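Reader: I am new to this structure. Please show me how to read its features, one at a time.

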Amino acid sequence: MDKKKVLIITYYWPPAGGPGVQRWLKFVKYLPDFNIEPIVYCPSNANYPIVDKTLLDQVNPDLIVLKQPIREPYKLAQLFSKKSNTISKGIIAERQKQSLIERLMLFVRGNFFIPDARKNWVKPSVKYLATYIQDFKIDTIITSGPPHSLHLIGMALQAQLGVKWIADFRDPWTTIGYHKQLKLTAKSKKKHKDLERKVLNNADQIIVTSPSTKVEFEQITKQRIQVITNGYDNEKVTVTALDKKFTLSHIGSLLSKRNPEVLWKVLHDLVEEDAEFASQFQLNLIGAVGVEVLQSIQIYNLTDSLNNMGYVSHSEAVVFQKKSQLLLLIEIDSEDTKAIIPGKLFEYMVADRPIIAIGPRGADVASIIKTTNTGQFFDYQDYDNLKNVIKQHFEAFKVNNLKSYPIGLQQYSRQQLTKNLAGLINPS
């Protein structure tokens with residue numbers, strides 16, 4: 001029986017680093033196990049804010065990867081300001097700390113590049129892919145956003161060729177946190193909403209990564225929506241020993257607004273109250289960190305305990321996950337971030353280390369952590385409980401008894417999630 005071909009249109013692909021690349025890198029890895037042949041389409045000259053060349057080793061050499069050039073404004077913007085690279089990462093300074101050039105760049109990005117700065121790739125991609133799809137008899141395409149302009153490629157190809165189109169939303173569209181920082185005019189906000197509605201009502205199938213996003217989209221469309229979260233893979237990384245210090249490690253970007261003052265206050269007070277805690281405690285930040293976060297850490301006198309590593313390769317990040325005493329998961333305290341379930345959560349869960357998560361009340365993350373027994377979730381006002389739990393973990397650490405006892409993780413394995421995806425691509 002011939003394998004069913006599916007064309008996957010994605011902006012993030014190795015050597016891109018960061019969380020955006022992991023989802024489809026893993027789906028592509030396992031789709032052949034379900035009699036589906038993936039074909040990937042991505043830019044040939046993308047301006048990735050994070051690069052991780054080690055991920056190239058995870059790409060099957062037999063995989064067909066189609067590439068076409070893309071024109072991106074970030075390259076031009078870099079001639080005027082180095083801040084363009086941090087903005088493309090999503091690290092946006094607070095308004096009162098933005099320079100005039102930053103404010104101008106955000107206004108231009110938000111109002112002249114709708115839905116995003118990759119919009120100029122849509123027309124040439126449709127032209128190129130229309131011929132390929134017809135020549136190789138592909139009847140299913142998948143677009144992955146953000147950048148949500150890629151969904152416009154899928155919508156155009158569906159209208160032109162009648163192919164089945166699945167739209168995968170790794171993050172929401174108009175309710176994602178940074179939208180409020182783009183200085184959108186009323187006209188631009190309406191255009192975003194109109195495009196979002198058009199995509200959601202034309203896609204044959206919609207995939208989202210969280211239950212909250214599904215509920216949000218159900219208010220806009222009656223099309224089928226399936227939740228397929230991110231997940232974990234069995235990483236071939238061996239860690240022989242845990243850190244000797246009481247390490248709390250956050251892996252991934254800590255954006256300016258993702259600044260848990262309650263955590264810094266708890267850690268400051270524990271350092272002040274307990275000399276043994278002060279001598280054993282270490283805060284590891286692995287990934288890009290906003291200036292405001294570092295300033296808060298300094299204000300709370302935690303700089304001496306800080307190990308600010310910057311970005312590391314994915315394989316190195318997995319090592320940190322597995323050898324840290326505690327893992328930190330931090331989300332912005334906002335109604336808009338309740339739907340965000342970061343991919344690193346699932347890697348954390350199989351690292352076999354307890355998770356300390358901080359985010360908005362009612363977050364989807366909280367229920368996953370609770371049902372899998374992989375850690376504890378706190379909101380930004382929960383000082384007392386957060387402090388008590390960290391103290392309990394420290395007492396367990398001192399007697400070599402700090403452990404995690406996860407349950408029910410198999411449902412989040414990349415193989416199981418790909419099986420769920422395969423059922424949408426090729427329903428039985």
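Reader: Which residue stands opposite Ile 251 in β9?

Author: Ile 286 in β9 stands opposite Ile 251. Before going on, note that this is a predicted model, where local features need pLDDT of at least 70 and side-chain atom pairs count only at pLDDT 80 or more, while totals for chains, interfaces and linings use all residues. Residues are numbered from 1 along each chain as its sequence is written, and side-chain values use heavy atoms, leaving out hydrogens and water.

Reader: In which sense do strand β8 and strand β9 pair, and over how many bridges?

Author: Strands of a sheet pair through backbone hydrogen bonds, either parallel or antiparallel. Here β8 (residues 246-251) and β9 (residues 281-286) pair in the parallel sense over six bridges. Two strands pair if DSSP finds at least two bridges between them. Strands (E, at least two residues) and helices (H or I, at least four) are DSSP runs, numbered from the N terminus.

Reader: What is the order of the strands in the open sheet?

Author: The six strands run β10-β9-β8-β11-β12-β13, with parallel pairing. β10 (306-310) and β13 (375-378) stand at the edges with a single partner strand each, so one side of each has no neighbour in the sheet. On average, neighbouring strands of this sheet are turned by 20° against each other, direction ignored.

Reader: Which strands does helix α14 touch?

Author: Helix α14 (residues 364-372) packs on the sheet and touches β11 (326-330), β12 (355-358) and β13. Contact means heavy atoms within 4.5 Å. The direction of α14 makes about 155° with that of β13. Axes are lines fitted to C-alpha atoms, for helices over the stretch in contact, and angles run from 0 to 180 degrees between N-to-C directions.

Reader: How many aromatic pairs does a search of the whole structure find?

Author: A pair of aromatic rings is described by the distance of the centres and the angle of the planes. The search finds 15 such pairs. Rings of Phe, Tyr and Trp (its six-membered ring) pair if their centres lie within 6.5 Å; planes under 30 degrees apart count as stacked, over 60 as edge-to-face and the rest as tilted. One of them joins Phe 246 and Phe 394, edge-to-face, at 5.2 Å centre to centre and 65° between the planes. This pair links strand β8 to helix α15, 148 residues apart.

Reader: Are Phe 246 and Phe 394 buried or exposed?

Author: Both Phe 246 and Phe 394 are buried. Buried means under 20% relative accessible area, exposed over 50%, partly exposed in between (1.4 Å probe, protein chains only). Phe 277 also pairs with Phe 394: the centres are 5.1 Å apart and the planes at 70°, so this pair is edge-to-face. Phe 246, Phe 277, Phe 281, Phe 394 and Phe 397 form one aromatic cluster.

Reader: How many salt bridges does the search find?

Author: Side chains of opposite charge can pair when their charged atoms come close. The whole structure holds 15 salt bridges. A salt bridge is a side-chain nitrogen of Lys or Arg within 4 Å of a carboxyl oxygen of Asp or Glu. Among them, Glu 273 bridges to Lys 387, with the closest N and O atoms 2.8 Å apart. Glu 273 lies in helix α9 (residues 261-273) and Lys 387 in helix α15 (residues 383-398), so the pair ties together parts 114 residues apart in sequence. Glu 273 is exposed at 51% relative accessibility, whereas Lys 387 is buried at 12%.

Reader: Where do Asp 194 and Arg 197 lie?

Author: Both lie in helix α7 (residues 186-202), three residues apart, about one turn of the helix.
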